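User: Could you walk me through a few contacts in this one?
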Amino acid sequence: GDGGGDASQQLLGDSELPLPSTVFIDSVKASTGFGQLVKRILAIAEASCDDYLPRDVPDVLSAVARLNHDMSKGALESFEARIVSDINKYSPNEIATTFWAFAVMERDMGEVTRNVLQRRAVTVSKNFTPEMARVLMWAFARLDFDPDRRLVLALHRALAV
């Protein structure tokens with residue numbers, strides 16, 4: 001294989017992700033069975049994300065990617081707009097989760113979204129764990145994305161810890 005499974009599993013371990021948001025928990029509570037859960041998650045993902053907390057976007061993107069379902073272009077654009085508007089609130093884990101989700105879904109994010117995520121990653125890079133750095137590098141390879149040199153150096157520093 002491409003080695004992607006190992007990196008994605010490191011990010012997806014329950015101990016790595018923050019607790020789900022209220023929106024996500026409510027969708028799970030309202031669901032009965034896996035099929036219904038998938039439908040609820042996708043309905044949330046397709047809805048306007050104006051009321052989402054900043055961490056809701058990576059949570060929902062990650063859930064959709066985990067369930068191996070696709071999102072409409074409109075929903076992705078809505079999520080990307082929210083990422084751009086909330087970028088200064090993004091933690092290293094939320095950055096890694098967002099890139100991971102796009103890579104797993106095999107969806108290219110817009111240039112603006114990619115650039116703001118990348119700039120934020122450089123800003124918070126001292127807080128990246130080696131696992132997050134590996135996940136980001138895996139996602140970049142999967143997305144065929146050549147990150148900014150400053151980010152590559154920051155990720156190498158995180159791996160050297």
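Analyst: One definition before the contacts: buried means under 20% relative accessible area, exposed means over 50%, and partly exposed lies in between, with a 1.4 Å probe and protein chains only. This is a predicted model, in which local features need pLDDT of at least 70 and side-chain atom pairs count only at pLDDT 80 or more, while totals for chains, interfaces and linings use all residues. Residues are numbered from 1 along each chain as its sequence is written, and side-chain values use heavy atoms, with hydrogens and water left out.

User: OK, is Tyr52 buried or exposed?
Analyst: Tyr52 counts as buried because its relative accessibility is 6%.

User: And where is Tyr52 found?
Analyst: Tyr52 is in the loop between α3 (34-46) and α4 (56-66), where helices are DSSP runs of H or I with at least four residues, numbered from the N terminus.

User: Switching topic, how many salt bridges are there?
Analyst: The count is six, a salt bridge being a side-chain nitrogen of Lys or Arg within 4 Å of a carboxyl oxygen of Asp or Glu. One of them joins the side chains of Glu106 and Arg142, at 2.9 Å from N to O.

User: Which parts of the chain does that pair link?
Analyst: It links distant parts, with Glu106 in the loop between α6 (92-105) and α7 (111-123) and Arg142 in helix α8 (residues 130-142), 36 residues apart. Glu106 is exposed at 59% relative accessible area, whereas Arg142 is partly exposed at 34%.

User: What about Glu131 and Arg134?
Analyst: Their closest N and O atoms are 3.7 Å apart in a salt bridge, and because Glu131 and Arg134 are three residues apart in helix α8, about one helical turn separates them.

Key: Helices (H or I, at least four residues) and strands (E, at least two) are DSSP runs, numbered from the N terminus.
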